[in-house]
Amino acid sequence: MATQLPLTSAQRTTFANRIAERFNQTLPLWLLLPTLLVLAVIQFYPGIYSIILSLQDRRAGAVEWVGFRNFERIFESAIFRESVGHTVVFLVGYVLVTMVASLAVALLLNQRLRLGGVYLALLFIPWVIADIIVGLIFGLLVVPEYGLLSPILSNPTLFPPKGLSIPSDPPPKPWIAGFPFPPAPAMVYLILASSWRALPFITLLLLAALKTVPSEIVESARIDGAGRLQLLFRIILPLILPTMVVALFNLMLGGINGIGLVFSLTRGGPGTATEVLSYLLYTIGFQRLEFGRAAALAVFMAVINLALILLTLRVSRVDERTT
Amino acid sequence: MHPARRSTLGIAATIALLAAACQAPAPQPAQPSAPQQAQPATQEREFITWYQYDETNTDPKSDERVGNEYLRKTIPLFNEAFKGKWRWVNQPQPFDQMATRLTAAVQAGGEVPDLMQSSDANLIPFLKNGVVQDLTDWIKAQPWFDDLDPSAVAACTGPDGRIYCVPVAMTPQIVFAWKDYFPNGYPKTPEEFKQVAEQLKAKGVYAITFFGSTAFDGEGTTRFTNTLIKSFGGTFDDGQGNMKLDTPENRAAIEFLREIIAAGYVHPRSWDGTTTPFIEEEPMKTAEAASFPTGIFGYRYVNPLKAPNGREYNKGNEEDMLDAITNGDVFIAPFFAPEGRKPGCGTGVTGFVIPNGAKNPEAAKDYINWIMSKEQNPDWVLGPGGGFPALRSMLPEIEARMPVAKAFYEQAAAAVAASECRPWYGTLERRNEAKKIIQTAIFKLVKEDPTADISAVLKAAEEEYNKGN
Amino acid sequence: MLLPIALTLLTSFKREADVLRKPPVLLPCDAPDGSWGIQHCRFVLEGYERVLIPKPAPGSLLGFELTGRMFSTYVPNTFLYAFSSAALVFILAGLAGYAFSRYRFRGRRLLLVAILAITGIPLLTNLLALYQMAVDLRKANIPGYDERMFMVLVYVGFQLPFAVWVVKSFFDTIPRELEEAAFIDGCTPLCALRRIVVPLATPGLMAAFLLCFVNVWNEFIAGFLLLTRREVRTAMFGMYDFLSQNIINYQVIAAACVLVAAPVVILFLFTRRVFFEAMTEGAVKG
C-alpha cells in the first residue's frame, strides 16, 4: 500500500527518525489491519466455506463431492418454491406497510417536532427491542380467548364470517395458483409486527432527508399554487427519493434475512403459511443437520443479498461519495 | 482535565475493562462441595446428563415442573449414593433441540454428556450419524436385562440387531376422556363417535381436542395423526423406507377428520399451537373438550383439572390426573376404529443413550443400574418417564408404593391391550423431516383447504420426502 | 406505537387468575359483585418474582439474591458479550475510520465499497461456516480458549463494517487544519489521532459503541446456535428456554420480556441523541 502522508515535508527526516518514518508511512495499513483481519475471518472465509459446503454431502460424517446436486434438490423441493412465494409476499407487504407508514409519520413529525425530543425517543423504542421479544409480545396479544386482542379478532361482525384466529386460520384460496396471495392472517400479522419494529428507523431516515429539503423550493411551489398532494408528489418525494431507495433496500435486506420474529411468533405455521426462506434455512441446516443442502440455500440467499447491496450502492451512488 | 488526556484515559479504561471482562470466570453451576473442604473426594468426577428438565427451575407452575422436581429430589440422592465417585451435573436442553444438539455435539466435538434422556424415535438418526454407543454386550450382562419387556428392547434395537438405548419407560398413545361426557364409555367406532359428539355439541361441549398444529417440526404426527391413521388401518411407509401416504385407508381417515371438523366436534384450540405451544391441552383441563388422545405421558402435563361435575384437582402435578382417574372423573380408553379393526396406537420407549465421546461412560452405567433398582425405578417411570415401566416386575412395585397410580395403570394397560401399538415411523429413516411433511399435508387437507384433492396432496408429500432417499 | 408495549407491561403485573379470564380484561379492577373501581385493582409482582426468583441470602448486599437463571446467568453473559464487542468495535472502527478518512492510498475506494457491501451480508447465511469454525476451535483444544471469545469475535465481525462507516463519516467532519497544526508542533500522526481527532470524534465513536451494544444485546440466532454450555448462553436464548416452559403463564413471559428489554430501552432513552445522529450520518450520507 503506497501512501502519501499529509505534510510529510513538515517533518525532518533525520537518521533517528527513519524507523518512525517507515512506520508512519505504512500507518494506514497498520490502522486497517485489525479490521481487515477480523472481516477476513468472520465474513470472507465463511462465504468461501459455504460455497464449498454447498458442493458437498457431509451427512454421514464423510465428505462426498456432489456437484450441484444440493442446489437441484433445494430448487426442486415444493417447500422451497412455497417459501420463495411467502418471502415475496412478506417482503412486498413489509416494505409497503413500513414505507407508507414511515413516510406519513415523518411528514407529520417534520412539521412539529425537533429531532431528539423525548416524545420522539419514546416513539422510537420499538427499534431497540429485540425481534425475539417483539415476537413474544405480539404472540401474547393474539392467544385465542386469553390474548388482549382476541375479543376484537374473534368478533364476527368485524371479521366475517367467524372471526379470526391468528395462530390457526389458514390462508384463503390463492388468486393465482401456486402463489400464496392473499396471505394467511398469520402472515399479515407477521408483517405488521415486523413493520412495527422497523418503522422508527425508516421514519428517522426519511425525517432526516425531509430536513434537507430547502424550504425556499417548497415555498415557491406553494406560491405557484401547488396543492398539498401535488407538493408531496411533485416536489418533496423526488427530492428525498435517494433516501427512500436506501430505506427500501435496507428493509428488503432485513426482511429477507430476519428470522427472530418468525422463530418466536409463528415457527413457520400455521401449516406452511409463514415458512420463509430464512426459517427454511434454519430448519434444514440446524434442525435436520443437512449442511450441504442448507449451504446451497445459504449461497442462494447470499447472492440475492449481494445483488441487493450492489444495487443500493449503484442507486445511492455511494461509491462516488467516497472521496 | 485536558480533553486529549481524558480520552486517552477513556480508551485505556475501556481496554482494561475489556480485558477484565474477558478474564472473568464463567458463572459456575452451583457446586455443592467446595474443592478445599472435600480433600479425599478429589477422585470424585463429574457425571454429566442432558435432560429436558432443569432442577434449578423452582417455578411451581413451569410446564416441566414434574421433571424439574424429580431432578431436584434425586440429584442429592445420587450424589450421596456415589459419594467420592461421581457427582451428577445436569445440563438442561430445550426438549425440541436435544437430539439435534447431541448429534451436532458428537459430530462436531462439542461438549458431550455422559448420558442423555432419549426416546427411540431418535435411534436411526443417531445410528446414521454415529452418535450413540453400542450397549448390547453391557446391557445383556446386567441382572435386570431379562426383566425388560421384549417389545421395549426391540424398540431400542437397531437394524443391525444391536441394542443402542436402555428402555426405562414405555409410552403408548391412549385417550384421556371425561366420564361425565361419556357415561357409556368411549366410542368404539367412528359412527358411534359422531353420535356421541353430536349430543355433546348440543350441550356446548367439543368431543375432542388434539395436537393439530404443525409446530415443533410436525410433532402432531406422533401425538395424534398417527393414532388416527393407524386406527383406520393406514400407514406412512411402504415397508421399504419410502413414504407412502396415498392409500384408501389414509384417505378414509382424512375424510373422517374433515367430517368431524366440519360438524364442529373438534375444539378450535387443536390448531392453535403455532403461537402458543401445547394450548390444545387447555380445553381438556377445563372440560371444554370431552376427550384428548395423546401419549400416556400426557398425564404429567394435563393439570390442574376441573371436572364437568365441578370437582377440582389442584395439586398442579402429575397426581392430579392420577387422582381424577382414581376418582372415576377421567378414564383412559383406546381410540376408536372402523368396525372389524383394532384401534391403532403409536408406541415408543423413553430411556437413556450413552453418546460416543462421553467422558465417563462408567458413570452412566452406574447411573442406569441405580435407576433400574427397586428404590429408584418407580420414581423415574412416573416422573420423567411418564409411562409403563419397561421392567416388568416394577408395575406391582409402583402400584404398591403409589396406590393412586393403580387405576391409571390398569386402565392404560387395558387400552393398550385393546390396540395395536407400533412406532409411528415404520421404516422411514429421516423422521424429523417425515414428521413435518406428514403433519403439513394433513393440516393442508383438513384445515387449510377441506376441498383439496386428498390423493394429490398426499402424493405430493410422498414425492417431497422420497426425493431425499 | 407504544400500545403493544403498554399492554405487555399491563399483563406482566397481573395475577395468573386475571390473565386467564375469558374474555380477557384490560384492567383487573372489577370487584366480585361486578362493580368497577380503581380501588379494586389487583396488580402484583408475581410474574417478576417468577422470573427473578429472589431468595433470601443473608451474606449478600441486598439481603437476597436473584436465583432465576435469566438474571443470575443469561443477562450477565449478554452484558459481557455486548460490552466486549462494543469496546472492540470502538477501537477497531476508530483506527480504520481514521485511516479511511485521512489517507489516500491505493485500493482505498475499493476497500470502502467492499466494507459497505459486507454490511449487507447477514449473519444467517454465514452461520453454517461459523458453526463449523466454532466446532473446530473447540476440538483444537487451544489452552485458554473459551467459546465466549469466538462469540465476541463473531459479533465484532458483524458490527464492524457499519461502525467503520459511521466513524469515518464523523472523522470527515473534523477539519484537517487542527491536525496539521499538531504536526507542525511535532506530533506524529498517531499522536494527532489521540490528541486531536479522538476527542472531537467521540460522538461518532460512542455511536458505534452504542449501536454495537444494542445490536449484540438483541441478537438471537448466533448465540442460539454457536454456544453450547448453559453457563455461557445469552438472554435471548434464555427467552426461548422460557417459552417452552410456560405455556399459559403469560404474566411470566410478559415480565421476562419487560426485564430483558428494559436495559437497552433505558440506555437508548438516555443516549437517544447519539443514536439519532449516528443513524442519519451513517445511513443517509454514506
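In chain C of this predicted model, 73% of the contacts between residues at least 6 apart in sequence join residues at least 24 apart. The chain is built from 13 helices and two strands, and its radius of gyration of 24 Å is well over the 19 Å that the globule rule gives for 286 residues, so chain C is more spread out than a compact globule. Taken along the principal axes, the box filled by the C-alpha atoms of chain C comes to roughly 85 × 50 × 40 Å. Of the 286 residues in this chain, 55% count as buried.

The contact between chain A and chain B draws on 30 residues from chain A and 28 residues from chain B. On the side of chain B that touches chain A, the elements giving two or more residues are helix 3 (98-108), helix 8 (215-218), helix 17 (431-448) and helix 18 (454-466) of chain B. Helix 17 of chain B gives the most to this side, with seven residues. By residue class, the side of chain B that touches chain A divides into twelve polar, ten charged and six nonpolar residues.

As to the confidence of the prediction, chain A has a mean pLDDT of 84, with 90% of its residues reaching 70 or more. Over residues 1-5 of chain A, however, pLDDT stays under 50, and for this stretch the model has 16 contacts beyond four places in sequence.

Technical notes
Residues are numbered from 1 along each chain as its sequence is written. Chains are lettered from A and ligands numbered from 1 in the order in which they are written. This is a predicted model: local features need pLDDT of at least 70, side-chain atom pairs count only at pLDDT 80 or more; totals for chains, interfaces and linings use all residues. Two residues are in contact if their C-beta atoms, placed from the backbone, lie within 7 Å. Helices (H or I, at least four residues) and strands (E, at least two) are DSSP runs, numbered from the N terminus. Ala, Val, Leu, Ile, Met, Phe, Trp, Tyr, Cys and Pro count as nonpolar, Asp, Glu, Lys and Arg as charged, and the others, Gly among them, as polar. pLDDT is the predictor's confidence in each residue, from 0 to 100. The radius of gyration is taken over C-alpha atoms; the globule rule is 2.2 Å times the number of residues to the power 0.38. A residue is buried if 20 or more other C-beta atoms lie within 10 Å of its own, exposed if 12 or fewer, and partly exposed in between; C-beta atoms are placed from the backbone.
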